[in-house]
Amino acid sequence: MKVLLSWLKEFAPDIEGDPISLGERLSHLGLAVEEMSMLGEGLSGVVVGRILDLRPHPDAERIQLVDVDLGDGNATQICCGAFNMEVGDLIPVATIGSTLPDGMEISQRKLRGQLSNGMCCSPAELGLGDDHDGIMILPADEKSYSSGVPISEALGIKPDVLWDLEVNANRPDAMSIAGVARDLAASLGIPFSYPNYDFLEGSAKLTDLATVEIIDPTLCGRFAVRAAAGVSIGESPRWIQNRLLSLGMRPINNVVDISNYVMLELGQPNHTYDLAKVPEGHLSIRRALEGETITTLDGEGRSLIVEDGVIANIRGEAIGIAGVMGGLSTEISEETTDVLIEVAWWDPPSISRTVKRLNLMSEASIRFRRGADYGENIERALERIAYLLSDGGAEIASGVVQDTGSLPSRDSVKVRTDKINNLIGVDLAAKDMKSYLDSIGFGVSIKKGDLAVEIPTWRWDTKTETDISEEIARMFGYEKIKRTVPKGTAPGALSQYQKNRRRVREILVGVGCDETMPMPFLAPGDLRSAGLAEEAISLTNPLVQEESLLRTSLLPGQLKVIAHNQSHRVDDLRFFEIGHVFSVSADGGLLPDEREHLSVALVGVHVSEIVDLLYVLGNELELPNLQLASGEVPGMHPGRAAEILIAGKISGYIGEVDPRVLTSYGIDGRVAWLELNLGKVLSGPLGKKSYRNVSKYPSSDVDLAFDVPESVSSATISGYIRKAGGDLLQQVKLFDMYSGDSMEDGHRSLAYRLRFQAPDRTLTDDEVSALRAQCIQMVEKKTDARLRI
């Protein structure tokens, strides 16, 4: 967006300061100055010249020789590469010795043997726009355009400052001279106001000339029109042309130029129709019909879809694409005398979709996509256009005709002062925030230390507390905010549960186990083969049809892994898995009951080894009151399985896998098995980790052999031994198991090695004997086991 200092002063006359300082202030307001130009400088020596003759260059096809009168009545020859001139045209000529705004020095030169005594200039070479396509042709009917007159005098060019600003998409208000002036005036603490656009209305009533109807209120929020009669199509005043050229727009005719001028000045896109080409002056706003076609002002035929918006006449014919481009059928032409002026507010997303689909970007559609003003500025834009047309002799019909649709909500936004200060990094009082917002048109009231903010109609983009914090920061001054490193929570921290789970992995890897990760899907017969209940959740879309059940235990998956490894002649298998099991929700809920379990499988070892491993886990995790209770466990060997009790609650089971289960999976040898509800164990209360010194005193070993019924597990015996031995019992190990002819039917011999050690002394024989007797007494009292002699 380009802005002129002189134009800004029409809204804030008290703007003062050097251009560099003002440019820095604009940048601090979030309107970054990309380029600054000083207009009206570098035109000394550029005069009006009248073309006397045009003839080809004898030795160059792309150059012609131009004879011009520079006010002395003589013909001055200039070599020129442009061909858009005719004899009698008035053009700007840079004379020998002059320096153009871009730094080019003009001197006498020879081009292919012909002298060139100056240079014919385009608007871009004079700093009057971006047009490089041809030489600037001056109107011949202007009295001030006589040969030899300085071009700045002829065109009314005065020294000015032009800033090219970077306007972000969230600042639709800054896409206008008035919007930039409002911000700059607020920053400088000076008044901002709109000029007076009063004009005399004619006798004709607009209601007799035009009607409007919004058929789709979601497409258009407001649609307003005025009309002008007696319009004479011609060139617009030179001051309008100069400003349009400075801002990069090419003048076309007075009606089109005034339309563009008001869009740049007030940020309100508008459109003009030849009223004679609009039957009965009726305009309706609707969505397009699928496949509906229209020829737009650029002469291109375009096919529309139902998401596009159109302006249609009383016959239902589309005469414009809403918010994008007008139709060729109602174009302003040299024969136009009556003009219908439209200013509307269009739904930004609707316009954006149409622009992207048709790839039809324009200055108007850019503003509509970002959100134009839907308030008083609509009437103001109509008044400004009518004022400029009446100044050129047109008669303005009385009144405004309009219709309304769905407009954005204007509910006030609650703004917490503490939140704003935290977001920006400042310490502002509520009254200071109110002052900043008031200065740029927001309506603010203070309630209990916080703000209630009413969003102005020209800030469609501002909807939230965060948006308003940006406005306060802009007006406070980004450059005043101290640079600080934001503080936040440290990312990547593990929860205590995750730390404990990692510790479980480390322990099991430390005792020589490998982790497996089988899929959680089972075939319908896998649970039965593992000796487990067959009730499981069935998947409607399994990855493979053969595995359509969610596992209820980790046992079937681990047995498959063991069988696979044994089939590849891999021995000494020690596996563990941490995974989820699934069961039907107990309360009938839609989602399954999903829990995280731990399993350990040791192949070819006695069940006592996995019991020892369990106690290693228990000691490391400080599992409270870890005990084993004999019982029947599905899938486990009868008499060689137990439930795991932690803090008195069942938390898993341990034992030896039933040989029949192993046979069904094709596994050789024994498999010791442990499965824990890991989620329950790690989430429950854990004991406090305690440490003790390594004793430097000798230990004493005691061997005990018991005659134990098959119904009593070895883990039960070792559990009672641990309880009786107390703190002096350092280790219990089952080192022998025998069942033969010498044993009673249904009985077996279990031999344990007990190690006693005190931290502060050497245990005496009497102390060791007493401990041995306690252990024997506890086992015989609690079970049917008897000491073998």
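Predicted model: local features only at pLDDT ≥ 70, side-chain atom pairs only at ≥ 80, totals over all residues.
Residues are numbered from 1 along each chain as its sequence is written, and side-chain values use heavy atoms, with hydrogens and water left out.

So what does glutamate 471 hold on to? Glutamate 471 makes a salt bridge with arginine 459, with 2.9 Å between the closest N and O atoms. (A salt bridge is a side-chain nitrogen of Lys or Arg within 4 Å of a carboxyl oxygen of Asp or Glu.) The two partners sit twelve residues apart: glutamate 471 is in helix H12 (residues 465–476), while arginine 459 lies in the loop between strand S26 (450–454) and H12. Helices (H or I, at least four residues) and strands (E, at least two) are DSSP runs, numbered from the N terminus. Arginine 459 is buried as well, at a relative accessible area of 2%. Through shared partners, salt bridges tie Arg171, Asp173, Asp183, Arg459, Asp461, Glu471 and Arg474 into one network.

There are others to find, as the whole structure holds 43 salt bridges. One of them joins the side chains of arginine 286 and glutamate 292 at 2.8 Å, N to O, and both of these residues are buried. Another links aspartate 760 to arginine 761, whose closest N and O atoms are 3.1 Å apart. Arginine 761 is partly exposed, with a relative accessible area of 32%.

Now for the nonpolar parts. In soluble globular proteins, nonpolar side chains tend to be buried together. The largest nonpolar core here has 95 residues, and Trp163, Phe223 and Trp346 are among those with the most contacts inside it. Such a core is a set of buried Ala, Val, Leu, Ile, Met, Phe, Trp, Tyr and Cys residues joined through side-chain atoms within 4.5 Å. A second, separate core has 32 residues, including Leu621 and Leu674. Setting aside neighbours within four places in sequence, tryptophan 163 is in contact (heavy atoms within 4.5 Å) with residues including Met1, Leu8, Pro19 and Met36.

Isoleucine 20 belongs to helix H2 (residues 19–28). Is isoleucine 20 buried or exposed? At 52% relative accessibility, isoleucine 20 counts as exposed.

Next, look for an open sheet of five strands, ordered S12-S15-S18-S19-S20, with mixed pairing. Strands S12 (211–214) and S20 (325–326) are at the edges with a single partner strand each, so one side of each has no neighbour in the sheet. Further in, S18 (residues 309–312) and S19 (residues 318–321) pair in the antiparallel sense over three bridges; two strands pair if DSSP finds at least two bridges between them. Alanine 312 has alanine 318 as its bridge partner in S19.

Finally, find arginine 753 in strand S38 (residues 747–756). Arginine 753 counts as partly exposed, at 35% relative accessibility. Leaving out neighbours within four places in sequence, its contacts include Asp701, Asp703 and Phe735. Arginine 753 and isoleucine 190 are 563 residues apart in sequence and 96 Å apart in space, C-alpha to C-alpha.

Terms used. Buried < 20%, exposed > 50% of the residue type's maximum accessible area, 1.4 Å probe, protein only.
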